[in-house]
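Here is a walk through one protein model. Keep the structure open beside the text and find each residue as it comes up.

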Amino acid sequence: MKKILCMIPALALFISHAAGENQNLSAQMRSSYESGFYPGVVRYAEEILRTEKDSLASFRAAVYEGECLFKMGRIKDARKILESHRMNGDNLNPETIELNSSRFYWLGRIELSEKNHEKASVCFFNSASVFQELEKISPKTAASAFDYYSFSMLYGAQAYYERQMFAEAVPLYEYVISNGAKFSVGDYSDSALSLVRCYKELADKKNAQKCLSVISALENGPFDTDTKSQLFFFKGYAYEKLGDKKKANEAYRKAGAKEKLAETSLLLAVESFEAKDYGSALFYLDDASPVAFSEQKKIIALYRAEIAYESESDKNDGSRKAIEILQQILKSEKFGKPENASRDEPVFISLARYNAYLKNWKECESYASGCQKSTNPEIAGAAVYWIALAKYESGDIAKAVSIIDAYKKTHPLEDSSLLNLYAKALAKQGKYHDADAVFYSLGEKNQLDNDGRLDYSRTLLIAGHYVSTKEQAAKANGDEAVYLSALASFNQHRWKEAEDSFERLLASKNLDNEYIAYAQFYLAYSYYQSGNYEKTAAGMKTFISANPLHPFVWSAYMTLSRSSTFLKKTDEALSAAEKAVQTGRTEAEKHEALLLSAGIMADAGLYDKALKSLRPYIAQKSEFGYECKYRSAEILLQQGNPAAADTYFSELAALTDKKAALLAEESAYRRAELAYSAQDFVKSAELFEWYTKHFADGKFYYAAIYFSADCLARIGEETRAILRYEQITDSSAETSYRYGAEKNLVALYEKSGDYGSALAMAERMVSEYGKQAVNDGLADKAGELRKRSTDSSQSLEEQIKTAERNLAQNKKNSSQVSQNLRDSLFLAGAYRSKGENKKSAELYLEAAKYARQAGDDEHAARSFYGALESFDAAALYGDAKATFTELRRLYPDSKYTKDGEKIASQF
């Protein structure tokens with residue numbers, strides 16, 4: 001006690017010193033912050049954060065550091081520090097509130113810089129809200145702080161603007177304009193333009209009027225010439241929206257000189273054109289034409305041509321008028337000259353398009369060819385499209401594909417029209433897999449025509465994308481679209497949907513002949529899957545009668561046979577199965593039909609007949625021969641002859657032929673099951689252990705371990721049973737047998753007098769499984785064991801001495817091999833936990849020896865791995881290497897060998 005008391009002044013001195021040091025760091029951090037030396041702020045903040053946790057000082061440091069990292073361009077680091085530190089609680093002081101507002105503000109700036117505009121909006125809202133709280137509880141602090149509220153409004157408005165949430169952005173921008181003195185001229189100017197753009201995007205008279213009011217108030221503001229010009233432009237828009245074209249033109253004229261007037265008039269013409277207001281578009285084109293320079297005149301001609309095309313109800317006449325307008329502009333002395341070829345490309349490509357509308361494929365290709373090498377990627381892409389379309393429509397599909405493939409090597413395929421053509425051309429060539437990728441991008445954007453959708457639906461169906469198949473087919477017209485959708489439902493196992501669709505198709509009488517037979521089969525099979533066996537049988541008989549040579553006849557007979565079985569019509573079922581054997585096109589189909597026939601006989605109690613049908617094949621060393629032997633074993637069990645069945649299962653389990661792998665595993669497990677069902681637990685334990693040795697990756701692996709442990713416990717081999725159950729509980733694998741293994745271990749530990757282990761297991765089960773374990777009595781058992789464990793508890797040293805004494809006494813007693821294995825494993829783990837790694841390794845090797853004597857390969861491999869780990873920890877690398885060599889030699893396929901390779905690779 002005296003020593004402890006003596007330490008208190010020193011500890012207090014240390015705390016005082018640390019606090020003083022942190023105060024000094026905070027002062028230095030503030031000084032660097034105020035002087036704008038951001039690297040210094042970061043350095044001092046990091047020092048504070050190393051010594052302070054969950055305090056105001058650490059929060060202040062984190063916020064300062066996050067701000068400075070952002071200003072230094074270290075965005076990811078800034079996000080990390082700001083997101084990992086926050087200050088919560090009811091007793092927040094003014095500084096904490098200010099820091100919280102700052103934290104949200106800089107997080108918002110981070111999100112905005114990374115274009116996460118939705119998250120940015122939330123952050124700026126939170127920053128402004130928190131700052132308002134600060135203004136309420138401490139106006140003085142708020143007045144002296146950075147105005148996070150105002151700047152959150154500024155950047156929050158920008159975030160809404162980028163999200164095209166113009167209505168939400170308006171009040172925030174209006175705040176900025178109303179509080180202009182708080183912002184830089186640049187921010188104020190940008191906000192003014194963004195605000196009037198928002199009014200324009202909202203596109204109603206109310207906002208047009210507000211736009212006029214704001215611009216009128218801003219006309220004499222501190223803006224540069226370009227900004228003022230843009231404000232006049234938007235003023236012109238507002239007047240136009242309100243129907244005052246005279247004032248609109250005045251505003252547009254104030255927006256600039258002749259060139260600007262032509263530009264703004266062209267912009268208005270484009271907007272009117274896009275709104276399909278062709279009269280207004282022509283008005284603005286006429287307004288621009290007298291003051292337009294050469295390039296603008298070409299644009300004017302292009303829009304006049306398009307208006308001529310769109311205005312005609314007869315599109316062929318519209319195309320001809322458009323061609324005439326463009327050819328006139330090419331005759332002008334300023335156009336059509338070689339030196340101006342690149343500037344004429346928009347005209348050439350438009351001429352290619354209008355000729356395509358008239359199906360003048362030769363002229364279309366001729367005009368487009370002149371633009372194929374254009375430096376403008378949009379024009380070059382359009383040229384490829386029109387040339388490829390001309391080839392496609394002329395029947396040269398391969399050439400169309402090769403043209404697009406060549407273009408694709410140097411350009412991304414982004415144009416929807418080109419992608420649509422490419423997808424259809426690939427589908428025409430039967431390249432469905434290649435077409436699918438193209439179709440997918442088009443389907444996502446809803447940019448497919450009817451034929452394209454049908455082609456896409458086919459490729460999606462082939463690729464197994466059934467939901468997408470139905471989505472695309474639903475957007476197409478005709479019976480074929482319904483058929484493709486029905487097939488998708490069929491493949492999704494949506495049998496009622498498939499039935500309804502196929503019934504509707506067959507009733508329509510409009511389905512192409514090539515699809516009728518398939519629809520009949522799929523309809524009957526859908527009935528089968530829905531359990532309507534009467535309709536199945538009738539439907540399959542109709543299909544077979546109408547299509548005796550159809551590729552699906554074998555499948556029809558097989559389905560007819562199965563449905564007849566369900567209808568208890570054994571003779572019809574056998575007859576259909578025999579027809580399936582006859583009509584099978586491959587050996588596999590004939591074999592499947594034969595097995596079906598044997599199964600029908602067995603289910604009907606005709607065991608000898610069923611066995612006779614399989615007998616000619618069971619000696620074959622083939623997958624079918626093995627299957628026949630396995631089915632024969634199952635039929636013998638049905639017949640009540642388990643001994644004969646076990647003989648077949650035994651022969652199959654011993655097979656090493658890869659073709660028999662699955663059946664060998666199934667048979668090995670079935671043998672153990674049969675012995676277990678017969679309550680021959682000695683034999684069953686041996687067979688389950690045989691399974692685990694030969695099928696370590698088998699699907700019944702943990703089941704076999706569990707039941708082998710159960711058998712061992714039943715025959716009095718409790719120690720071996722414990723070791724087997726522990727294989728399950730020590731494994732990290734997810735298995736349904738874990739709970740049962742843990743529960744049984746509680747009972748076995750208790751029976752062996754190991755109350756500490758029993759208690760630990762019971763308590764863990766109650767904690768992990770809750771109500772299930774409580775209902776199974778494990779909570780009560782834990783209470784009972786707690787008393788016993790207290791009465792008979794031993795320290796770790798006492799347990800070590802007991803295990804060592806038992807091991808010394810039983811070392812040469814072959815009947816105690818399992819107990820020796822358990823004691824060795826306990827001692828190896830105990831010495832490892834004490835840091836005596838060499839001793840631990842030696843005991844693991846001892847455990848491996850006992851495991852091998854017991855024929856327990858799992859524990860042997862596990863023990864060798866434990867020795868390897870312990871030798872490695874003791875830096876005895878030579879011994880570790882030798883241990884791994886032995887582990888790999890004895891158990892090359894063990895998971896412990898694979899894990900050991902990671903350690904051995906470092907030697």
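Predicted model: local features only at pLDDT ≥ 70, side-chain atom pairs only at ≥ 80, totals over all residues.

Start inside. In soluble globular proteins, nonpolar side chains tend to be buried together. Here the largest nonpolar core has 90 residues. Met29 and Val196 have the most contacts inside this core. Its largest share, 9 residues, comes from helix H3, residues 56-71. There is also a second, separate core of 63 residues. Tyr483, Phe521, Met540 and Leu611 are among its members.

Now zoom in on valine 196. Which residues does valine 196 contact once its neighbours within four places in sequence are left aside? They are Cys211, Val214, Ile215, Leu231 and Phe234.

Next, a helix pair. Two packed helices are described by the angle between their axes and the distance between the axes. Take helix H32, residues 587-603, and helix H33, residues 607-614. They pack at an angle of about 165 degrees, and their axes lie 7 Å apart. An angle over 145 degrees counts as roughly antiparallel, so H32 is roughly antiparallel to H33. Their crossing is left-handed. On the H32 side, the residues that meet H33 are Leu594, Leu595, Ala598, Met601 and Ala602. On the H33 side, Tyr607, Lys609, Ala610, Ser613 and Leu614 meet H32.

Turn to the charged side chains. How many salt bridges does the structure hold? The count is 50.

Is lysine 298 buried or exposed? Lysine 298 counts as buried, because its relative accessibility is 4% and the cut-off for buried is under 20%. Glutamate 295 counts as partly exposed, at 27%.

The next example lies in helix H24, residues 450-463. Arginine 458 and aspartate 455 form a salt bridge there, at 2.4 Å from N to O. These two residues are 3 apart in the helix, so about one helical turn separates them. Arginine 458 is partly exposed, with 23% relative accessibility. Aspartate 455 is buried, with a relative accessible area of 14%.

Glutamate 634 lies in helix H34, residues 623-639, while arginine 670 lies in helix H36, residues 661-677. The pair therefore ties together parts that are 36 residues apart in sequence. Glutamate 634 is partly exposed at 23% relative accessibility. Arginine 670 is buried at 17%.

Salt bridges can also be followed beyond a pair. Arg79, Glu83, Glu111 and Glu114 are linked in a network of them.

Most residues other than glycine have a negative phi, and most peptide bonds are trans. Glutamine 164 has a positive phi, near 60 degrees. Where is glutamine 164? Look in the loop between helix H8 (148-162) and helix H9 (166-178). Glutamine 164 is exposed, with a relative accessible area of 60%. Lysine 359 also has a positive phi near 60 degrees. Find lysine 359 in the loop between helix H18 (341-357) and helix H19 (361-369). Lysine 359 counts as exposed, at 59% relative accessibility.

Aspartate 224 is in the loop between helix H11 (205-218) and helix H12 (225-241). Aspartate 224 is partly exposed, with a relative accessible area of 46%. Serine 189 is 35 residues away from aspartate 224 along the chain, yet their C-alpha atoms are separated by 8.7 Å. Leucine 890 and aspartate 857 are 33 residues apart in sequence and 9.2 Å apart in space, C-alpha to C-alpha. Not counting residues up to four places away in sequence, leucine 890 touches Arg852 and Phe864.

Methods: Residues numbered from 1 in each chain as written. Heavy atoms only, no water. Salt bridge = Lys/Arg side-chain N within 4 Å of Asp/Glu carboxyl O. Buried < 20%, exposed > 50% of the residue type's maximum accessible area, 1.4 Å probe, protein only. Helix = DSSP H or I, 4+ residues; strand = E, 2+ residues; numbered from the N terminus. Core = buried A, V, L, I, M, F, W, Y, C linked by side-chain atoms within 4.5 Å. Contact = heavy atoms within 4.5 Å. Axes fitted to C-alpha atoms, helices over the stretch in contact; angles between N-to-C directions. Parallel < 35°, antiparallel > 145°, perpendicular 65-115°, else oblique. Left-handed = near helix turned anticlockwise from the far one by under 90°.
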